[in-house]
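Trainee: I would like to learn how to read the features of a model like this one. Please take me through them one at a time.

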Amino acid sequence: SAKIAKVGSVLQKYPNTIVQVVGHTDSRGSYSYNKTLSEKRASNVGNTIFNSGVQNQIFSKGCSFDKPVAPNSNATNMALNRRVEIFLYPNEQSVIDVCK
C-alpha cells in the first residue's frame with residue numbers, strides 16, 4: 001500500500017528507530033481467534049515494511065479486540081476496529097505495550 005511505502009521511505013532516513021506494528025480486530029469470534037488474526041495482520045505489514053529494505057528493528061504484536069477505537073455495534077464501527085497501527089520509538093527503553 002502507498003501508506004506502508006511512505007513509512008518505509010521515512011524509516012530509511014532513521015535506521016535506529018524501532019518499529020512496532022500492532023494489529024487489531026473487531027469483536028466477532030473468540031478472543032484467541034482474533035489474537036491470531038491480529039498478529040497476522042501486524043506481521044503482514046511488518047514484513048512489507050521490512051521487505052522495503054529498511055534496517056530498522058521491527059516488532060509485530062496483536063491485541064485481538066482489546067483496544068477498539070469505536071463500539072463494535074455496527075458494520076462501520078467494526079471496520080474501524082479492524083486496523084494496523086505503527087508506533088515508532090527512539091530506543092528499546094521507550095517501547096510500551098500498546099495492548100494494555
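Trainee: How exposed is Tyr31?

Mentor: Buried means under 20% relative accessible area, exposed over 50%, and partly exposed in between, with a 1.4 Å probe and protein chains only. Tyr31 has a relative accessible area of 37%, so Tyr31 is partly exposed. Before going on, note that this is a predicted model, in which local features need pLDDT of at least 70 and side-chain atom pairs count only at pLDDT 80 or more, while totals for chains, interfaces and linings use all residues. Residues are numbered from 1 along each chain as its sequence is written, and side-chain values use heavy atoms, with hydrogens and water left out.

Trainee: How many aromatic pairs are there?

Mentor: A pair of aromatic rings is described by the distance of the centres and the angle of the planes. Rings of Phe, Tyr and Trp (its six-membered ring) pair if their centres lie within 6.5 Å; planes under 30 degrees apart count as stacked, over 60 as edge-to-face and the rest as tilted. By this rule the model has one aromatic pair. The ring centres of Tyr31 and Phe65 are 5.3 Å apart and their planes stand at 85°, so the pair is edge-to-face. The pair links distant parts of the chain, with Tyr31 in helix α2 and Phe65 in the loop between β2 and α3, 34 residues apart. Helices (H or I, at least four residues) and strands (E, at least two) are DSSP runs, numbered from the N terminus. Phe65, with a relative accessible area of 25%, is also partly exposed.

Trainee: In what order do the strands of the sheet lie?

Mentor: Two strands pair if DSSP finds at least two bridges between them. Here three strands form an open sheet in the order β2-β1-β3, with mixed pairing. β2 and β3 are the edge strands, each pairing on one side only. Strands β1 (residues 18-24) and β2 (residues 58-62) pair in the parallel sense over five bridges. Within that pairing, Val19 stands opposite Ile58, and Val22 stands opposite Lys61.

Trainee: What unit do β1, helix α2 and β2 make?

Mentor: A crossover is right-handed if, with the strands pointing away from the viewer, the path from the first strand over the helix to the second runs clockwise. β1, α2 (residues 31-51) and β2 make a right-handed β-α-β unit.

Trainee: Which cysteines form a disulfide?

Mentor: A disulfide is a pair of cysteine sulfur atoms within 2.5 Å. The count comes to one: Cys63 and Cys99, with sulfur atoms 1.8 Å apart. The angle about the S-S bond is -85°, and the link is left-handed. Cys63 lies in the loop between β2 and α3 (75-81) and Cys99 in the segment after β3 (83-89), so the pair ties together parts that are 36 residues apart in sequence. Both Cys63 and Cys99 are buried.

Trainee: What is the phi of Ser64?

Mentor: Most residues other than glycine have a negative phi. Ser64 has a positive phi, near 55°. Ser64 is in the loop between β2 and α3 and counts as buried, at 0% relative accessibility.

Trainee: Which residues does Val54 touch?

Mentor: Contact means heavy atoms within 4.5 Å. Not counting residues up to four places away in sequence, Val54 touches Gly8, Leu11, Gln12 and Ile49. The C-alpha atoms of Val54 and Gln12 are separated by 5.5 Å, although these residues are 42 residues apart along the chain. Val54 lies in the loop between α2 and β2 and counts as buried at 5% relative accessibility.
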